[in-house]
Each structure stands twice: as structure tokens, then as C-alpha cells.
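Start with the loops, then turn to the rings.

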Amino acid sequence: MTGKPASDSRPVLEFIDLHCHLLPGVDDGPAGLDETVRLLRAAHAGGTRRLLATPHVFHGMFPSREASWMRRHFEETRRRLQELEPREPFLAEVELGLGAENYVGEAFLEALQGGGVLSLNGSRYLLVEFSPIFPPPHFLPVLDQIQAAGMVPVLAHVERYRALHSDPGLLEAILRRGCLTQVNASAVTAPRWGGARRRVRQWLRSELVSLIASDAHGPDRPPDLSRAHRKLSTKFPPEKVEAWFHHNPAWILQSPRQPI
């Protein structure tokens, strides 16, 4: 047989990043629009073409913002970015949407019951963050409450939760309930001796990870998915890698929107 291997003919994969802190002046992400542009430039250079801005909400470390305020701030940010396209042409190739990283606590649960939470791109999928030391017995009841409200939980950076370190079966139970799991790209590229990297590789082999995102905050935590993609492409079949970086996030973005 002559010519290039079949794998060389695969289309270039465009990454979709569903967890990044991109809105200026909201949380511990970019302080101003210039920083937002730098983050988007880094994402574009690494092959990411669709991103969701997921600011922290219901987290005591940051100002409390209602969903309506966040939507207005997002639309204003997007308008200003469009104005910059003549000077920054790459921005025309980046699609930006809105979500939120919902911190689980009393304020979140109250807003959930009242329909005041921001889902991923207006879909039924809700990115949720637990405290790293959240008690194991409380994980499933909280996820049940989210699902009872008609939404699908997407657990942010699951590698951080101690409850999942000590009880791998809990992660399996979470997935059996129909929830999704997100791992940070930095956990994939962590030093070889790091416990997070070993744990995540095992979860990936066991098909316990739904998608990989950057959780970008700034220059020290950039929205770069390319390094993680390269590493995993040498360890896993292409169809699995494409699911983590493109197909599963695309499914979320294309899912039916949450009724208003």
C-alpha cells in the first residue's frame, strides 16, 4: 500500500472549551478586556474555536451576580470584542458563548429551585463545582436535586474532589445517574509523579471522563487544550480523544435549550 496512512486524512480537530473564565472584571479571571483578548488569542493559537465563558457564581470569594446581570455583561463583552475584529482578525474565527461555574451551597440550591441559574449555553447542562472537601454522602443527593429541577449536572474538575479519590465507586455512581464529568487539561499534563495525573489517566481508561476543558483564568492558566490533546493522542484511540475535546462538548452546545 502506498500513500499516506488513513489517519493523516482525518480532518483537523477544532477544540471546544466549555469551562474558562473569560469575562473581564467578574471573578479571578481577566481584569479587563485586553486580558480577555490575550486569552482568546492563546485559545485560537492552540486550535480552540468555540468557548464558553463560565464565571464563578454563588461562590463566597466573589461578588454575587444575578443571571440577568451576567447575561448583560456577556453581551456587552461580546459586542466590544466584535468591534475589535478589524484589529484582531482571529476573533472572527472564535465563537464565544455563556455559561457559569455554579458553586454548590445554600445560595445555589435556592437559585436552582427558582430557575435563577446559568446553564451551559442555555442548555439543560449545568456546570457545578463542589468544595474539594465536600462530604461524600452529600454528593448524590445534591445531584438528584439538580436533576429533579430538569437539568443535567456536569461536574467541574472532578480530579479535585477528595471524596472521589478515596471512593472511585462514587464517580461510577455519578455517571450511572446520567451526570457528566469534566477534567482540567492541566491534570492531563501534570508532572508524571503527580497523583492527579495518574488518577485521571485511570479514569480515562475506565471511561469515567466525559470531556476535557481548560478552566483557564489567565496567563498562568491559559486556555490551551493542545498539549493535553497531544499527550492523550499517543495513549488513546482517536475516537476517544475526539469525544473528550470536541464531540461531547458539541453535543452539549447543540442540546435543547432550557425552557425560560
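**Loops and rings**

Asp-215 is found in the loop that joins strand E9 (211-213) to helix H9 (226-233). The model is predicted. Asp-215 is not a glycine, yet its phi is positive, at about 50 degrees. Most residues other than glycine have a negative phi. Is Asp-215 buried or exposed? Its relative accessibility is 1%, and buried means under 20%, so Asp-215 counts as buried.

Asn-121 also has a positive phi, near 60 degrees, and is a residue other than glycine. Look for Asn-121 between helix H3 (106-113) and strand E6 (125-129), in the loop there.

Now the rings. How many aromatic pairs does a search of the whole structure find? The search returns 8. Take Phe-236 and Trp-244: the ring centres lie 5.2 Å apart and the planes meet at 85 degrees. Centres within 6.5 Å make a pair, and planes over 60 degrees apart count as edge-to-face. The pair of Phe-236 and Trp-244 is therefore edge-to-face.

Next, a group of rings. Which residues form one aromatic cluster? They are Phe-130, Phe-134, Phe-139 and Tyr-161.

Last, a charge and a ring. Arg-65 places its charged end over the ring of Trp-69. The distance from that charged end to the ring centre is 4.1 Å.

Conventions: Residues numbered from 1 in each chain as written. Predicted model: local features only at pLDDT ≥ 70, side-chain atom pairs only at ≥ 80, totals over all residues. Heavy atoms only, no water. Phe/Tyr/Trp six-rings, centres within 6.5 Å; stacked < 30°, edge-to-face > 60°. Lys NZ or Arg CZ within 6 Å of the ring centre and 35° of its normal. Helix = DSSP H or I, 4+ residues; strand = E, 2+ residues; numbered from the N terminus. Buried < 20%, exposed > 50% of the residue type's maximum accessible area, 1.4 Å probe, protein only.
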